[in-house]
Every structure is written in structure tokens, then in C-alpha cells.
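Biologist: I have a structure open and I'd like to learn how to read it. Can you walk me through it?

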Amino acid sequence: MGIIPQIIANSIIAGAIYALVALGFNLIYRATNFFNLAHGAVSVVGGYTVFGLYRLLGLPLWIAIICGVLGSGLVGYILEKILFLPLRKRKSSQMVLIVASLGAFTIIQAVIAIIFSSQFQTLFDSSMETKLYQIGGGIITQVQLIILIAALLIMGTLAWIKERTMFGKMVSAISDDAVVARIVGINTNKLIGRVFFIGSAIAGFAGIMIGFDTGLEPTMGMSLLMKGVIAAIVGGVGNIYGGVLGAFLLGFAENFGVWQVSGEWKDAIAFAILIFFLIFRPKGILGKK
Amino acid sequence: MEYIIHLIILFGIYGILALSLDLIVGFTGLLSLSHAAFYGIGAYAVAVLSTTYGINFFVAALIGMSVAAVVALMIGFVLRKFKDDYYALASFGFNVIAVSIFLNWESITKGPLGIPGIKRPELFGFVFSTNTLYMILTLALFALTALFVWHITKSSFGRVLRAIREDEKALEVFGYRITRYKLAIYVISGALAALAGALYASYITYVDPSTFTANESIVILSMIILGGLASLRGAIIGAAILIALPEALRFVGLPMDVAAQLRQVIYGLILALLMLYRPKGMYGEYEMK
């Protein structure tokens, strides 16, 4: 078994997780046109909700996962209603929204650390079977396979919603021109609320998956967020398909980069890619929308 | 009494950081999240030069400031075209890369272990050995910084910076070379942050990468946003409040870990609530656009 197939397998798994974070981020960006930095912390909320319900309270796993996804969605929704919506109504600048979301991020991260301590936790417990699958020379675990399949399903569903449903078209309308969208009778704020819920729920799912795959830490939200943002920018910010493309590109670049240099440089590699794209192709591979 | 002196020293260090960051964020209108990187460069310069090579603190601090200035020149060059969210993100990226270098360049920085045993400053045989003496040194350098920053903001150079913030395009029409101004202020600000880092390293006598993460950049940003952007009084008072406020938590008798997280909650709340109710901060002369 060569090392290259294994690196490819790892890259795809990493790409799938980044893609989920980038999807939610892009969805929210499309509708509101600002960088929601709280998105990373919202993702961690999902992971810790499952940790609390499943590992600490002993509820069935599927209930815990549903609660985790809904919990993240709810937190995102609440943030929109109590923080971002009032700011947008006042026509606050992007800077104000970014700083506010940074504040929200800091609060959520710290509250999670207070409730669950800042120690490293894992959702995976010994009773779960660790089946290994060999695909094309690379080995992936059962959890990783589930991550991959779920991520693909979510991406497909979102693409379908975007292209085929009224909801998707209305969101596109808002992102093209919010004022016109309102004039033609779209209830933009209600819709943006839903977008926040969906985007945050997807991020929450990503947080849960990471909890099973590698483990949870309250501070992981920042690096997760950054991977999502970088994927989004590399692919084309606000572009749903671009975000997925960027996520896999980032996954590959990171894993091959780590193979060549060393594991500790992972974040630096990701940001080097970001800065490279910001300089030479700020619109991303596919461009906006 | 020792404790009050400790707080005053911290105030002096953060006062320098806040004043220098305000030059970029408040006066020039660029949302920089890279300040802790320069803070770290100054601290590591003193740590490495004084422990390994036995170089005098003041010489080491000057070298650190020069290194920070050169690095700022390079980063500033990359950042010159960005604005708002992209500026925030890219500068954040540089902070992450800087921390990766502190962590991984082990032959110089000793990696995550950090560098202990940094000596107190010495000037012509006179050692700033006690905390009281160190406080006087810190306050003197803080006062010098404040004076220097005040001069910048009152000069024609400072007026150009404010004009960049208000209307970059118009200024360009008048023939100002905006990039040079932006680079100049970024270099000055970075060198001042390195001075604060030098003071920190020599005071705590130990440095490690965790002190200079992007989170620290956010803390410094909170200080100037609380005090009010583009106001020197605001930066100083903001730094004082954010140093003093969390200390009050110490007396409530919470466990260390919880107290540290509560601090973060306070920072986050300050950012979010200020954005909602008073984006100008306490004495702000400039509201983020």
C-alpha cells in the first residue's frame, strides 16, 4: 500500500468537512454579503451538543445528532435575529458586522469552554465498531465514509434547492439585489433568517462529524471557520459550487503539503494559499455566484 | 501594592499596543487583525537575543523593532490593495502564519516550550530589577509612544491618513501616493507593537507562542473599539478598562480556567454590544464605515 493513495483519501475527507463549513458560510454570505465569523463557533455548538446529550446524558445517538444539528441552526438563527438583523436594519457597515460577529464568536467559544471545559473530547466511544475500508489503496474508517457520503448528500440537496426550488431562487434574488427583491414582494428578512438556520445547521453537522473523526475542542471553531472561509474564497465567495471545489483543493493542498513539510505547518499552508489567491485571483476559481 | 504595580505595567504594555493599532484601524480605517504578530516579533527578539547572545535589552528591543518594521513592510505590501473584510481576513492570516513560525522554528524559538530566563533590562550598569523600577521604565516608554503617536496624528501625515480613511479615491486624484502612506503607517505601527513585545518579554521573563495568537489581536482591537477609534484618549482608556475589568473577576473566587473564559465572554460582549448600541465606542471620532 503506497502512501499516495492514503494521502488522497485523507485529502478527500478533509475536503468534505471543509466543504460543509464553506457551504453554510457561502449560503449566509450570498444572502447577507458579510463575513459571518461566528459561523465557526456555531459549528462547534453542534459537536458539543452531541457530546453533552450522547456522551454525558446517554441519550440515543440519533437523537443527539438531530439535536446537535438543530441546536447549531438555532444558535445561528438567534444570532441573526438579535444581532445581525438589527445591525443591517441600521445599515451598518461591513466592518461593524464583522466586528459584531467576532464578538459573537468569542462569546460562544468561551461559553462552550465554561460548560464543557477546554479539554479535548471525542464523540467516538469504544463501543462503536471501527470498520476499516480499503478504497484504491487508501484506508478510511467507517466514520470517515459516513462523513463523505453525508457531505455529498448535503451538497446535492443544496444544489437542488438552489436550482429547482422557489426558496433557492428567492435567495439568489436577494443576493443579486436585496432592494429589488423586497420590491417584488420577497420577505427578505424572513428568508435570511431561514438561510441562517440552514447554513448554521450544516456547519453544526460538520462540527459533529469532526467530533467523531478527530475530536472536539472549544477553540477548534476558529481554525474550522478559517478553512471554510479560505475554501469559499479560493472557489469564489458566495458561489456554492466554488466553495465545494475550493474545499477539496484546500484539503489536497494541506495534506500533500503536510506530507512534504510537517504537520505543524498545516494552518500556515492554508493561509499561504489564501493570500496567494487574494493577490492573484481575488474572485476565486469560479468567480462570485 | 505589588499587584497594582503589575497591573500598571500591563497597562503600559497594552497602552502601547492599543495606541499603535489605532494608527491603522482608527486613523487609516483598515481593520487589521495582525497586531499580535508584531508584538510577538518584539518579544521573541528580546528573548532570543538576550538569552542566547547576551545582548542588552535596549539593543535587542531596537533590533526587534527593526525586524518588525521589515516584516511589516513586506506584509503591508501584500495588504496594500485590500479593504474591509478582505483586509481583516488576510491580516488575520498573517497572524496565524506568524504563530506557526514561532511554533515551528524550533532552533530559534524553542517551539511550544517557549524561552524562559529572559533578563531584566540594564542601562549603563543600572538594572531595572524591581517591579517598581520596571513600571517606571514601561510608563516612560508608554509616554514616549503616546507623544510620538500624538505627533503623527497632528501632522500633515496624520491628516493624509484620515483622508485615506474617508475617501481614498479622491485623495488619489490629488496625486497622493496612497500605498506609501499605508505602508509607512503599517511599518510604524508594527515597530511600536514590537516595542510592547520587548517590554512584555523582559517583564514576564518568559515567552511562548500562545501569547501572540490572533486572539490577542482581537483583545487589542476590543480595547480601541471600546475606547473609540481614532481617539488617543479612547485607546488609552480602553486599554485601562480591559486590563482592569477582568481583574475584578479574580476577586469573585472563580476557578482559574473559568475566570479566563469569562474574560473572553466579556471581550465578546463588549464587541457585540458596542456594535449594536454604540459603534463609536466611548470617545470615538470615527465610526466604522
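Modeller: Happy to. Let's begin with contacts: two residues are in contact if their C-beta atoms, placed from the backbone, lie within 7 Å. Keep in mind that this is a predicted model.

Biologist: How many residues of chain A and of chain B take part in the contact?

Modeller: Chain A puts in 35 residues, and chain B puts in 32 residues. On the chain B side, α4 (84-104), α10 (214-227) and α12 (256-277) each give at least two residues. Sorted by class, that side of chain B has 22 nonpolar, six polar and four charged residues.

Biologist: Now the fold. What elements does chain B have?

Modeller: Chain B has twelve helices and two strands. Starting at the N terminus, the order is α-α-α-α-α-β-β-α-α-α-α-α-α-α. The radius of gyration of chain B is 18 Å, close to the 19 Å from the globule rule for 289 residues, so chain B is as compact as a globular protein of that length. Its C-alpha trace spans about 55 × 45 × 35 Å along the principal axes, and buried residues account for 53% of the 289.

Biologist: Over in chain A, in which sense do β1 and β2 pair?

Modeller: Strand β1 (residues 132-135) of chain A pairs with strand β2 (residues 138-141) of chain A in the antiparallel sense, over four bridges. A:Tyr133, for one, has A:Ile140 in β2(A) as its bridge partner. The two strands form a hairpin with two residues between them, and A:Gly136 in the turn has a positive phi of about 55 degrees.

Technical notes
Residues are numbered from 1 along each chain as its sequence is written. Chains are lettered from A and ligands numbered from 1 in the order in which they are written. This is a predicted model: local features need pLDDT of at least 70, side-chain atom pairs count only at pLDDT 80 or more; totals for chains, interfaces and linings use all residues. Ala, Val, Leu, Ile, Met, Phe, Trp, Tyr, Cys and Pro count as nonpolar, Asp, Glu, Lys and Arg as charged, and the others, Gly among them, as polar. Two strands pair if DSSP finds at least two bridges between them. The radius of gyration is taken over C-alpha atoms; the globule rule is 2.2 Å times the number of residues to the power 0.38. A residue is buried if 20 or more other C-beta atoms lie within 10 Å of its own, exposed if 12 or fewer, and partly exposed in between; C-beta atoms are placed from the backbone.
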